[in-house]
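Welcome! Take a moment to look over the sequence and the 3D view, and then we will walk through a few of the contacts together.

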Amino acid sequence: MLEISLRAARINAGFTLKEASREVGIHHETLAKYEKDSGNIPINLLNELSILYQIQLDYIFLGKRYDLIRTIRNKSKIAT
């Protein structure tokens with residue numbers, strides 16, 4: 001399985017930004033910030049989100065969104 005972003009994990013789990021942030025007790029703008037760059041996300045929040053989204057931590061990409069896009073493109077080139 002490819003790594004997915006926090007945003008993709010949230011959407012796949014069926015949560016809006018405000019719903020997910022309410023569930024884990026943070027402001028929706030804070031969650032939006034971590035969805036753009038999750039490189040410095042606190043581990044306890046990451047654990048809560050992985051439980052909420054029902055996805056293993058190993059499958060969540062940590063870093064900037066554009067780095068994930070580059071990683072996926074590079075993996076696609078290797079696969080072909």
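## A buried arginine and its surroundings

Not counting residues up to four places away in sequence, Arg-10 touches Phe-15, Thr-16, Leu-17, Ala-20, Leu-31, Glu-35 and Tyr-53. Please keep in mind that this is a predicted model. Arg-10 is found in helix H1. Is Arg-10 buried or exposed? With a relative accessible area of 7%, Arg-10 is buried, because that value is under 20%.

Now for the nonpolar residues. In general, nonpolar side chains in soluble globular proteins tend to be buried together. Here the largest nonpolar core has 15 residues, and Leu-6, Ile-41, Leu-45, Leu-49, Tyr-53 and Ile-55 touch the most other members.

Leu-49 is in contact with Leu-6, Val-24, Leu-31 and Ile-41, leaving aside its neighbours within four places in sequence.

How do H2 and H4 pack? Their axes are 10 Å apart, at an angle of about 120°, and the two helices are therefore oblique to each other. The crossing of H2 past H4 is right-handed. On the H2 side, the contact is made by Ala-20, Glu-23 and Val-24, and on the H4 side by Leu-45, Glu-48, Leu-49, Leu-52 and Tyr-53. Sorted by class, this contact of H2 with H4 has six nonpolar and two charged residues, with no polar ones.

How values were computed. Residues are numbered from 1 along each chain as its sequence is written. This is a predicted model: local features need pLDDT of at least 70, side-chain atom pairs count only at pLDDT 80 or more; totals for chains, interfaces and linings use all residues. Side-chain values use heavy atoms; hydrogens and water are left out. A nonpolar core is a set of buried Ala, Val, Leu, Ile, Met, Phe, Trp, Tyr and Cys residues joined through side-chain atoms within 4.5 Å. Buried means under 20% relative accessible area, exposed over 50%, partly exposed in between (1.4 Å probe, protein chains only). Contact means heavy atoms within 4.5 Å. Axes are lines fitted to C-alpha atoms, for helices over the stretch in contact, and angles run from 0 to 180 degrees between N-to-C directions. Helices (H or I, at least four residues) and strands (E, at least two) are DSSP runs, numbered from the N terminus. Angles under 35 degrees count as roughly parallel, over 145 as roughly antiparallel, 65 to 115 as roughly perpendicular and the rest as oblique. A crossing is left-handed if the near helix is turned anticlockwise from the far one by less than a right angle, and right-handed if clockwise. Ala, Val, Leu, Ile, Met, Phe, Trp, Tyr, Cys and Pro count as nonpolar, Asp, Glu, Lys and Arg as charged, and the others, Gly among them, as polar.
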